Amino acid sequence: MSDEEINMEILLDHYRSPRNYGKIEKPSVELVEYNPVCGDAVQFTLKIENGILTDVKFIGRGCSVSQGAASMLTERVKGKSTEEVMNIGPQEILSNIGLNLGPSREKCALLSLNALQKSVRKYRDGEK
Amino acid sequence: MLTSDEVKQDFPIFETLGDGYAYLDNAATTQKPRSVLDAIHNFYTSQNSNVYRGIYRLSEDATDSYHKARRNIAEFIGSGNPDSLIFTRNATESLNLVASSLGKGLRPGDEVLISIMEHHSNIVPWQLWLPAGVKLKYADIDSEGHLDMESFQENLTGRTKIVSLVHESNLLGTINNAMEIGRIAHDNGAVFILDGAQSVPHMPVDVERLGCDFLAFSGHKMLGPMGIGCLYGRMDILEKMPPFLGGGEMIREVYRDHSVWNDVPQKFEAGTPNVAGAIGLSAAVDYLRSYGMENVRSHEKRLMKKTFDLEQEAGIPELISYGPRELENRGGIYSFNIGKIAPMDLESQILEESSLKIGSAVHPHDVASSLDGDKIAVRSGHHCAMPLTHRLGVVATSRASYYIYNSESDVENLFQAIANVAVKYHER
Ligand SMILES: Cc1ncc(COP(=O)(O)O)c(C=O)c1O
């Protein structure tokens, strides 16, 4: 199998059996992000304690890229500081997926990062 | 009879794409034959100059070519008067022109009747008049994707001033009975506009026979270049209509506080026109004519028949397709889904249990990506017809759309690839 094929399998595995799927009871913050064009949607619930993302879960609906990427993202950020979460750049997500997605599907891949970073921002705004 | 393999040789892009590439996104845009590319090249290498203004030979030649293109394209759609054909950028601009100009004559409470199967370009330009108190009404479709004539009649009232309808739906492939609807619209005293973006490229269209007052279409969807489109209009109406854009060419005289409009069609063509585009489109019309539009239509009917046959044979689980099944009322457009994914918006909850379980459905994005891997270009999304997509109860569809260079083996490859997608994602 080529790298591309292996990465595709990894993504499809996340899509078929997503990690951290569900909702956290009494989350610190929750947020829905949605792409009206294709109907992809994710909802994040976060537990934040002393600036650390101690738990994160998502539910969602959409294509393999948007949902697979969301699952991969939750694995990546659990236990990280909110600072670290905010510093993740889109390129990091795309290279982690490791597929040549093309511009329109990159939007699918980045939906969950946007949602997650918006959630953190919402949490911080609420704290002030 | 038209042989797609021979047709293909006239299109340089297929040499570049290589054997076995199935371009099935012709409803979005079409490929260009060598004769069109040559016509554009020739204009820029031997005639390039601005039209109308020059008293020198080169400009007169360019003007002459531009006039000839107008006459040729007008004839192609059955209009004996070249002045009835206005050049625009595309069907969208044509529809905006007519909506903007005719809209100025609408009063609060006046109604515009369209259908639920319209492309956004025949919805949004009318929505721009909602703040002025104009009402926008939608005729529904029946369960097979035909225009629901009962719903059409119900929505037609004494206040209906404009009926604007898609001739062939770019999602369902439905071919509407333009002649009948035109007659009903006219009996009601309404102006009848036809969006021919998907019909003019694919079947014989004759404005006199259809009896439409306006016809909008795009050059790039009929083998012509991008950036050129047309609006046909009935002369007596065009002459009474106020202009769309203001500027050079569209005026005869300009004073400090007012101007005198030029004659139709220049009145509606402000600024330097796309002369090369018009010449390229005229070459495309010649190319289509060399096969005959009847033959183009029957070729696509054959491909649709093959599509329906293979759909039956393949027995792909959960494959759903849309639009009329009888070939007479159906263009070469095939929209489908593997399973049904309902639309959603922010108000609707994502349900933890049911959400990810779109069941064994495969998202149209995944379908298109997977087909791309098999060298098949199809489109997925709402195809600029969001109200229709939601009316069908889905978030999006995948769409294959045919043209003269597509063959039955392209259709075979399509179904092979759809079967592959179903297997690949169904394992979920
Ligand atoms: C039915 C219909 N109307 C209008 C349009 C608009 O065409 P254009 O984008 O060339 O203006 C399209 C193109 O997709 C179409 O399919």
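In this predicted model, Arg124(A) and Glu83(A) join their side chains in a salt bridge, with N and O 3.3 Å apart. Arg124(A) belongs to helix H5 (residues 103–127) of chain A, while Glu83(A) belongs to helix H3 (residues 82–86) of chain A, so the pair ties together parts that are 41 residues apart in sequence. Arg124(A) is partly exposed, at 28% relative accessible area. Glu83(A) is also partly exposed, at 46%.

**Salt bridges**

Over all chains, the structure holds 27 salt bridges. Another one in chain A links Asp13(A) to Arg19(A). The closest N and O atoms of this pair lie 2.7 Å apart. Asp13(A) has a relative accessibility of 34% and counts as partly exposed. Arg19(A) is partly exposed as well, at 25%.

Lys68(B) and Asp64(B) form a salt bridge, with 3.0 Å between the closest N and O atoms. Both residues sit in helix H4 (residues 57–76) of chain B. They are four residues apart, about one turn of the helix. How exposed is Lys68(B)? Its relative accessible area is 54%, so Lys68(B) is exposed: the cut-off for that class is over 50%. Asp64(B), at 36%, is partly exposed. Back in chain A, salt bridges with shared partners join Asp13(A), Arg19(A) and Glu75(A) into one network.

The three pairs are set out here.

| Pair | Closest N to O distance |
|---|---|
| Asp13(A) and Arg19(A) | 2.7 Å |
| Lys68(B) and Asp64(B) | 3.0 Å |

Helix H4 of chain B also holds His67(B). His67(B) is partly exposed, with a relative accessible area of 36%. Val51(B) is 16 residues away from His67(B) along the chain. The C-alpha atoms of these two residues are 9.8 Å apart.

**Domains and a pocket in chain B**

The domain assignment divides chain B into domain 1 (4–31 + 292–426) and domain 2 (36–290). Taken over C-alpha atoms, the centres of domain 1 and domain 2 of chain B are 28 Å apart. In chain B, 42 residues of domain 1 are in contact with 36 residues of domain 2.

H12(B) gives the most to the lining of the second largest pocket, with three residues. By class, the lining has seven nonpolar, four polar and six charged residues.

**A buried leucine in chain A**

Leu53(A) is part of strand S3 (residues 52–61) of chain A. Is Leu53(A) buried or exposed? Leu53(A) is buried, because its relative accessible area is 0% and the cut-off for buried is under 20%.

Leaving aside neighbours within four places in sequence, Leu53(A) is in contact with several residues, including Leu46(A), Lys47(A) and Ile48(A). Its contacts also include Val77(A), Lys78(A), Gly79(A), Lys80(A) and Val85(A). Leu11(A) is 42 residues from Leu53(A) in sequence. In space, their C-alpha atoms are 23 Å apart.

**Backbone details**

Asn50(A) has a phi of about 50°. Asn50(A) lies in the loop between strand S2 (40–49) and S3 of chain A. It is exposed, with a relative accessible area of 81%.

Leu223(B) has a positive phi of about 75° and is not a glycine. Leu223(B) is in the loop between strand S7 (214–218) and strand S8 (229–233) of chain B. At 0% relative accessibility, Leu223(B) is buried.

Chain B also has a cis peptide bond between Val264(B) and Pro265(B), with omega about 5°. Pro265(B) lies in the loop between strand S10 (259–261) and helix H11 (275–291) of chain B.

Methods
Residues numbered from 1 in each chain as written. Chains lettered and ligands numbered in written order. Predicted model: local features only at pLDDT ≥ 70, side-chain atom pairs only at ≥ 80, totals over all residues. Heavy atoms only, no water. Salt bridge = Lys/Arg side-chain N within 4 Å of Asp/Glu carboxyl O. Buried < 20%, exposed > 50% of the residue type's maximum accessible area, 1.4 Å probe, protein only. Helix = DSSP H or I, 4+ residues; strand = E, 2+ residues; numbered from the N terminus. Nonpolar A, V, L, I, M, F, W, Y, C, P; charged D, E, K, R; others polar. Domains from an automatic or database assignment. Contact = heavy atoms within 4.5 Å.
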